[in-house]
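Here are a few exercises to work through with the model open in your viewer. Try each task before you read its solution.

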Amino acid sequence: MVFVSGALISFFWTPYNIETLAIPQRLQTPTAAHWLGTDQLGRDIVSMIMMGARTSIAVALLAVGIGIGLGVPLGLIAAARRGSMLDEAIMRGNDLIFAFPSLVIAILITAVFGAGATNAIIAIGIFNIPVFARVTRGAALSFWSRDFILAARVAGKSPARISIEHILPNIANLLIVQSTIQFSLGILAEAALSYIGLGAQPPTASWGRMLADAQTLASIAPHVALVPGLAIVFTVLGLNLMGDGLRDLLDPRIRVART
Amino acid sequence: MIRYMIGRVTSLCLSLVVASLVIFTVVEIVPGDPAAYMLGVNARPDTIAALRTELGLDLPTVQRYFAWISGLVQGDFGISYTYRTPVAQMVADRIAVSLPLALLALAITVAIAFPAGIYAASHRGRAGDLGVMGATQLGIAVPNFWFAMILVLIFAIKLRWVSAGGFPGWNAGVLKGLTALILPAIALALPQAAILTRVMRSSLLDMLNEDFIRTARAKGLSKRQALWRHAVRNALIPVLTIIGLQFSFLLAGGIVIEQVFFLPGMGRLIFQAISSRDLIVVESVVMLLVASVIGVNFAVDLAYAAVDPRLRTRS
Amino acid sequence: MSLLRISNLFLSIAQIPILHEISLDIAPGEIVAITGESGSGKSMTALATIGLLPESAVVDGQIELEGTNLLKLTEPEMCTVRGARIGMVFQEPMTALNPVQTIGAQVAETILQHESISRSEAFTRARAVLNRVGLPEDRFPLTRYPHELSGGQRQRVVIAMAIALRPRLLIADEPTTALDVTTQARILDLLKDLARDFGMGLMIITHDLAVVAGMADRIAVMQNGRIVETGPTEQLFSNMKHPYTRALFEASAHKVDLPPAPPPEPLLAVRNVVRRYRQPRSRLFGTRPEINAVDDVSFTLHHGERLGLVGESGCGKSTLTRAILGLEPVQGGSITVDGAPVWAGLRPNMEVRRKMQVVFQDPYSSFNPRHRVERLVAEPFFLLPDPPRGEAREARVAEALVAVGLKASDANRYIHEFSGGQRQRIAIARALINDPTLIVFDEAVSALDVSVRAQCLDLIADLCRLRPLSYLFISHDLSVVRSITDRVMVMQAGAIVEQGPTEQVFANPKHPYTQTLLAAAPKLPDIKKMNHAS
């Protein structure tokens with residue numbers, strides 16, 4: 001939550017401008033003026049973390065958006081046409097994308113279009129598609145076998161209409177929970193990509209790049225390496241715990257009714 | 001069983017073909033002429049043309065695809081555009097680092113996750129379980145490359161137990177090689193171990209709710225016996241799927257970890273190739289990575305059949 | 001001396017009282033049935049006896065097996081009792097066996113768990129036990145896996161595991177509820193035989209009074225966690241003291257009053273219908289074999305007629321239902337309603353769909369849990385070219401709810417606020433809202449407790465009196481079909497083997513399969529006859 005609000009504030013204000021370099025003040029340990037110290041170019045780390053949060057959140061959010069936007073409809077279609085050639089084709093396509101780890105996709109995209117934050121979004125987004133497609137299909141299938149779907153068919157509703165009217169609201173909880181998981185994975189993946197230089201490029205601040213810059217300095221200024229890492233850990237931890245909380249909240253499920 | 005095998009082999013071949021098509025097409029659309037790029041800005045057009053002929057770039061697309069594929073199948077990965085050495089040799093050198101790294105990491109993952117998962121499931125809701133689950137939450141949240149940096153900071157820089165990076169080569173002795181890989185493997189493995197522990201635990205808990213566990217208990221088995229004799233093997237089925245997926249993460253994730261430890265693996269090769277636009281290397285290395293992921297998933301499918309008799313006889 | 005003596009047993013789970021003052025004796029070789037509706041505590045009594053209660057359970061009282069109080073034993077001591085001195089058989093044979101172990105290994109495990117003998121010796125004995133329960137070695141080698149067996153065969157394996165060490169007491173919790181009636185009869189015979197042969201006490205838990213009547217020496221009737229009446233079977237049936245026992249008995253033998261059917265005028269005409277499924281290839285390059293799930297079926301349902309369809313699982317009745325409702329296309333023949341085909345070319349015919357509605361078996365999965373009753377009941381309006389809106393819609397929903405005995409205000413509630421019986425009423429309201437000419441009841445009362453089932457059947461009969469209702473009533477339960485239909489069809493392996501007026505078919509079955517079905521069905525004793533005799 002702290003990082004999200006930090007990211008929001010950064011649109012209006014950061015303690016220091018991260019594009020101004022202040023070499024004389026480089027590698028300071030935390031002081032009153034610079035709460036978390038400065039990096040090798042004298043930039044304020046608090047400001048960098050805030051701007052980095054913005055990059056991470058934006059990349060992860062858009063990547064989840066791609067995953068939901070394409071994966072959920074594909075999963076719904078596959079479930080509605082279970083057992084058909086179309087279902088088979090969608091699922092085989094999913095398996096194929098699974099064979100390309102997001103890092104490999106990022107490498108391919110970078111090889112073709114050059115590096116940039118967009119690559120990270122696309123690479124992570126593509127990776128998210130089969131994840132959402134599978135979760136959607138699996139959950140949708142368990143509903144397709146229920147009698148109320150049969151009742152809707154007897155009432156003359158088309159598979160598309162049933163998918164939207166009956167299936168989607170029932171699997172929405174699951175998708176929300178999956179989204180928080182993919183969101184936190186996206187933040188991790190974005191950090192990894194920028195760390196190896198396939199993600200956001202300078203001067204855009206990114207947690208992964210901050211770590212890459214800090215690596216050579218780790219022995220002289222460990223705090224420069226610690227802070228962005230902890231930022232990632234806390235963000236992801238917070239998101240995962242939120243996901244778990246959401247699941248418990250949204251999913252008292254039929255289990256209660258059954259026992 | 002035979003039918004199941006044939007089905008799997010068919011889908012393996014099909015995946016490989018489609019994957020190779022995808023990779024080839026992506027690399028095809030790259031703007032710019034590799035030959036021109038290799039020779040620099042001042043090259044004369046006829047030199048470029050000669051190089052294009054030498055590299056086979058003037059052939060039609062379809063023919064080049066088949067040339068590439070038939071080369072791959074025979075172990076001929078082509079000639080690097082920049083280094084002018086066979087790609088196969090370059091790749092082989094790097095695999096000698098990357099593959100052991102991934103395998104070592106996988107071994108560590110499984111070695112941690114199985115006992116931890118089983119322990120947590122059998123102590124469900126008690127302090128031990130909560131401790132394991134808390135640790136896995138943390139493990140999942142830690143980026144592996146940052147964790148690697150911390151490990152370097154502690155074990156290499158502060159304690160000086162191991163060197164901070166680099167790889168002495170297998171010629172320096174297997175032990176020396178393994179020592180250089182142990183920190184990277186741990187860094188790579190821990191987050192995956194956290195995930196696998198959770199999967200193992202929840203899969204076991206699902207099994208413990210099954211009717212056949214109650215039947216086993218009614219035979220006089222204790223809870224522990226029922227868990228080991230009946231739940232574990234059934235729980236392995238979903239766990240295997242995750243292990244398959246994880247191996248691909250470990251292979252690819254190795255690229256990142258190699259950067260932290262300055263290991264001369266596939267990752268380094270691919271970055272050099274990207275920056276020098278050595279596309280044939282990129283193409284081949286990516287294909288190799290993807291092929292190994294598909295291969296691992298194939299192995300997982302076979303492992304299913306070993307664990308689950310229902311697959312062997314399903315007709 | 002009694003083998004098992006339960007005295008003053010109290011049980012609560014998570015502070016909620018489940019059992020009160022249960023006392024029950026079982027003698028060696030005696031078959032004692034515990035019966036009652038769902039939630040009466042009969043399964044919990046069984047689980048308490050074998051010591052497999054959930055962890056949050058608190059027990060008080062005594063359960064003595066041959067003089068030892070089982071409740072005083074430690075968990076490791078209890079493990080030596082389970083399997084050796086008490087065996088247990090559960091309801092669901094499809095999931096009771098470990099799918100990745102052979103049946104031989106699973107039966108041998110019971111023996112190896114309690115006796116220190118060699119593996120090969122244990123397997124030899126497992127073989128003998130499997131032979132005893134009716135799984136001969138030429139057809140059922142020890143190396144078979146559970147998925148290669150049918151439900152009835154799996155239940156025999158479970159029984160083999162439970163009796164391998166000739167326990168003093170065998171507990172069977174709804175052992176045949178998940179099975180077809182002919183299989184049920186054979187499994188019940190096997191259990192009875194085993195109890196007599198081994199001099200073993202048998203505690204059988206069942207909701208089905210007819211099953212109880214056919215095999216138990218003594219009966220205990222449970223309601224809300226108490227035993228309300230207990231006694232020797234014949235005595236208890238001929239002289240029922242407790243009102244609940246009487247109510248249960250009457251509901252089980254419930255007869256409804258159907259008004260006479262109007263003169264025949266064809267409504268639904270099914271002619272030579274064939275529904276084929278393709279099987280996966282059995283050999284690599286072989287052709288895919290096809291099975292006819294519905295094979296050349298013809299029948300007519302008249303306006304105002306109540307037609308029954310009975311058959312065991314897998315006989316094709318569900319497939320036929322789906323074909324009639326127009327949910328799946330057929331490969332041959334025709335289905336028409338008032339002369340119009342259910343399928344118009346490749347698309348379902350909406351004109352015909354409008355005239356049909358359906359009530360499903362499971363009251364829990366029949367409704368979208370996220371919609372209010374109002375929206376659920378009004379769903380068939382989607383079929384109308386000009387559906388009612390606003391107040392007209394509300395009025396129609398209210399009318400349908402009132403017709404099935406619910407309140408108009410129930411329209412604003414969610415489905416989870418209703419009990420199983422109420423849900424089935426809502427399902428009927430949904431089926432009635434468009435005033436369909438034909439309703440299909442697909443096992444519509446099979447999941448309900450007997451008393452609720454009786455009320456639902458009365459409701460259907462009442463509706464028939466109010467308006468001429470034509471329906472197809474599909475069920476595996478012969479006694480229900482007998483009371484609620486005018487005419488009945490018997491289906492076996494995709495074909496209709498016999499059809500005719502219900503009473504005639506039941507009283508004088510012609511086809512051998514119908515005869516088998518009727519003979520296998522457990523029957524309630526005729527009280528009047530019993531009273532005369534005594």
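**Exercise 1.** Is the crossing of α8(A) and α7(B) left-handed or right-handed? Work out the geometry and the contact too.

*Solution.* Step one, the handedness: α8(A) and α7(B) cross in a left-handed way (the near helix is turned anticlockwise from the far one by less than a right angle; clockwise would be right-handed). Step two, the residues: Gly208(A), Leu211(A) and Gln215(A) of α8(A) touch Phe145(B), Trp146(B) and Met149(B) of α7(B), where contact means heavy atoms within 4.5 Å. Step three, the classes: this contact of α8(A) with α7(B) has 4 nonpolar, 2 polar and no charged residues (Ala, Val, Leu, Ile, Met, Phe, Trp, Tyr, Cys and Pro are nonpolar, Asp, Glu, Lys and Arg charged, and the others, Gly among them, polar). Step four, the numbers: α8 (residues 207-215) of chain A and α7 (residues 144-158) of chain B pack at about 20°, axes 11 Å apart. That makes α8(A) roughly parallel to α7(B).

A few ground rules: this is a predicted model, in which local features need pLDDT of at least 70 and side-chain atom pairs count only at pLDDT 80 or more, while totals for chains, interfaces and linings use all residues. Residues are numbered from 1 along each chain as its sequence is written, chains are lettered from A and ligands numbered from 1 in the order in which they are written, and side-chain values use heavy atoms, with hydrogens and water left out. Helices (H or I, at least four residues) and strands (E, at least two) are DSSP runs, numbered from the N terminus. Axes are lines fitted to C-alpha atoms, for helices over the stretch in contact, and angles run from 0 to 180 degrees between N-to-C directions.

**Exercise 2.** How do α10(B) and α11(B) pack, and at what angle?

*Solution.* Start with the angle: α10 (residues 223-261) and α11 (residues 266-275) of chain B pack at about 90°, with axes 7 Å apart. The two helices α10(B) and α11(B) are therefore roughly perpendicular (65 to 115 degrees; under 35 is roughly parallel, over 145 roughly antiparallel, the rest oblique). Next, the partners: Ile255(B), Glu258(B) and Gln259(B) of α10(B) meet Met266(B), Gly267(B), Arg268(B) and Phe271(B) of α11(B). Sorted by class, that contact of α10(B) with α11(B) has 3 nonpolar, 2 polar and 2 charged residues.

**Exercise 3.** What confidence does the predictor give?

*Solution.* For the complex, ipTM is 0.82 and pTM is 0.82. Chain B averages a pLDDT (the predictor's confidence in each residue, from 0 to 100) of 82, with 94% of the residues scoring at least 70. Chain C averages 89, with 96% of the residues at that level.
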